[in-house]
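My entries follow in the order I made them.

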Amino acid sequence: MIALASLFVAAFLAATPVPFNSEVPFIAMQVAGWSAATLVAVASVGNVLGSCVTYAMGRGLGHLRDHPRFPVRPAQMARAEDWFRRWGLWSLLLAWAPGGDVLVAVAGVLRVPFPVFLLLVAVAKTGRYAVLALVTAAAMP
């Protein structure tokens, strides 16, 4: 259970402004024999909940976006807002990609309805871990 809790925490932190990686422990646990379905479920829930924290930060701290200690730099925020204006809510399907946490924060700042946010981010994050599990399984002897 400690290993699964550690994966959960790693996935949670990886979806917040804290620089963290969840792929390495995920792959290591799958190679060690853990069930891919279990790993996908635990990592997905942790990662989605971490994104919810980032969304809440954006929503709650959006009025401070020009403050020097705001977790998203103004240039990153401007790019992410441009993405949102251009691609709309569907850009949240890229929440799993590098820099996706900025899109998540922008979703909070722009007050995207939470149920819509949650659905799109859950699909994106779960899909990422499912693909990671498939690629890891294919690479294993």
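I began with burial: 9 of the 10 residues of helix H5 (residues 100-109) are buried, so H5 is largely enclosed by the rest of the structure. The model is a predicted one, which I note here before going on.

I then listed the buried positions of H5. They are Gly100, Val102, Leu103, Val104, Ala105, Val106, Ala107, Gly108 and Val109.

Next entry: what covers the buried residues of H5? I found that the cover includes helix H3 (36-61), helix H4 (74-87) and helix H6 (114-139).

I took H4 from that list and checked its packing against H5. The two axes come within 9 Å and cross at roughly 75 degrees. On the H4 side, the contact is made by Gln76, Met77, Ala80, Glu81, Trp83 and Phe84. On the H5 side, I noted Val102, Leu103, Val106, Ala107 and Val109. Sorted by class, the contact of H4 with H5 has 9 nonpolar, 1 polar and 1 charged residues.

Last, I went past the end of H5 and looked at the backbone. Just after H5, arginine 111 takes a positive phi of about 55 degrees. I flagged this value since most residues other than glycine have a negative phi. Arginine 111 is not a glycine, yet its phi is positive. I placed arginine 111 in the loop between H5 and H6; helix H6 is also among the elements that cover the buried residues of H5.

Notes
Residues numbered from 1 in each chain as written. Predicted model: local features only at pLDDT ≥ 70, side-chain atom pairs only at ≥ 80, totals over all residues. Heavy atoms only, no water. Buried < 20%, exposed > 50% of the residue type's maximum accessible area, 1.4 Å probe, protein only. Helix = DSSP H or I, 4+ residues; strand = E, 2+ residues; numbered from the N terminus. Contact = heavy atoms within 4.5 Å. Axes fitted to C-alpha atoms, helices over the stretch in contact; angles between N-to-C directions. Nonpolar A, V, L, I, M, F, W, Y, C, P; charged D, E, K, R; others polar.
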